[in-house]
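Hi,

Have a look at the model before you read on.

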Amino acid sequence: MEGPLQTSIHLCHENGQWMSQLPENLWNIPLYNLSLPGSHDTMTYCLDKDSAVSDNESKLVNFLNKCMPCIVHPIIMKWSTTQELSVTEQLEAGVRYLDFRIAHKANDPSMNLYFVHMLYTTVTVQDILCEVLKWLETHPQEVVILACRNFDGLTKKLHCHLIAHIKEIFQYKLCPRNVSMRSFFLPFF
């Protein structure tokens, strides 16, 4: 990738460890009192242009897409895409709040979960959670908040499956509520 976006990525790379550089007087502040940079619809950089429109979209949008897909589908794709950077690139740029809108594709017999914003993504939730874990392992003093929501098409069984994956992948990295930054810095001093 070349051009202005590439320059921005290069300039933002130094923000990958901003939390570990916070002044000590901020260490006792609970995370919920800190302003954290986040991304809206984090996973829209990898929407699948060939995916069906989500069943949760309006009947009108679905109808128009079925009647005139060559016109409507590209418009939906453009409306839906709010990010161009991958999850790792967003984290390296300093993003610490990830907006994950999770869904199960209609008529999909598998237990695979995807992300959705009008259209479904090309990657699974499990793959992205592993990508976030890999990044956290190389940035042990950083904190990432995963805001999982929407849950389109998730049954109780699929929701339990998601929770089990989150616990399995992140294990001891999951933190309880009301945590301050000090708890992340103490092991390093």
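This is a predicted model: local features need pLDDT of at least 70, side-chain atom pairs count only at pLDDT 80 or more; totals for chains, interfaces and linings use all residues.

Helices (H or I, at least four residues) and strands (E, at least two) are DSSP runs, numbered from the N terminus.

Residues are numbered from 1 along each chain as its sequence is written, and side-chain values use heavy atoms, with hydrogens and water left out.

**The overall picture**

The protein has 7 helices and 5 strands, and along the sequence they follow the pattern α-β-α-α-α-β-β-β-α-β-α-α. Of its 189 residues, 42% are buried; here buried means under 20% relative accessible area, exposed means over 50%, and partly exposed lies in between (1.4 Å probe, protein chains only). A contact means heavy atoms within 4.5 Å. Among contacts between residues at least 6 apart in sequence, 75% join residues at least 24 apart.

**Helix H3 and its end**

Not counting residues up to four places away in sequence, Ser 80 touches Thr 44, Leu 47, His 117, Met 118 and Leu 119.

Thr 82 lies in the loop between H3 and helix H4 (87–92) and is partly exposed, with a relative accessible area of 34%. Leaving aside neighbours within four places in sequence, Thr 82 is in contact with His 40, Asp 41, Thr 44 and His 117. The C-alpha atoms of Thr 82 and Tyr 45 are 7.1 Å apart, although 37 residues separate the two along the chain.

**Two residues with positive phi**

Asp 41, a contact of Thr 82, has a phi near 50 degrees, a positive value in a residue other than glycine. Asp 41 is in the loop between strand S1 (38–39) and H2, and at 2% relative accessibility it counts as buried. Met 118, a contact of Ser 80, is not a glycine either, yet has a positive phi of about 75 degrees. Met 118 is in the loop between S3 and S4 and is buried, with a relative accessible area of 12%.

**The cavity**

On a 1 Å grid over the protein atoms alone, a cavity is a set of points where a 1.4 Å probe fits but cannot get out, and lining residues have an atom within 4 Å of a point. The count comes to 1 cavity of 30 Å³ or more. The largest cavity has a volume of about 50 Å³, taken as the space filled by probe spheres set on the points, with grid points joined across faces, edges and corners. Among its lining residues are Asp 41, Thr 44, Leu 47 and His 117. Strand S2 (97–103) and S3 are the elements that give two or more residues to this lining, and S3 gives the most, with 3 residues.

**Helix H6**

H6 (residues 156–170) has 15 residues and reaches 21 Å from its first C-alpha to its last, close to the 21 Å expected at 1.5 Å a residue. Leu 158, Leu 162, His 165, Ile 166, Ile 169 and Phe 170 are its buried residues. Seen down the axis of H6, these fall within an arc of 100 degrees, so they line one face of the helix. They pack against S2, helix H5 (125–138) and strand S5 (145–152). On the other side of H6, Lys 156, Lys 157 and Lys 167 are exposed. Just after H6, Gln 171 takes a positive phi of about 40 degrees.

Best wishes

Technical notes. On a 1 Å grid over the protein atoms alone, a cavity is a set of points where a 1.4 Å probe fits but cannot get out, and a pocket is an open set with protein on both sides within 12 Å along at least five of seven lines; lining residues have an atom within 4 Å of a point. The expected span of a helix is 1.5 Å times one less than its number of residues. The arc is that of the directions from the helix axis to the C-beta atoms.
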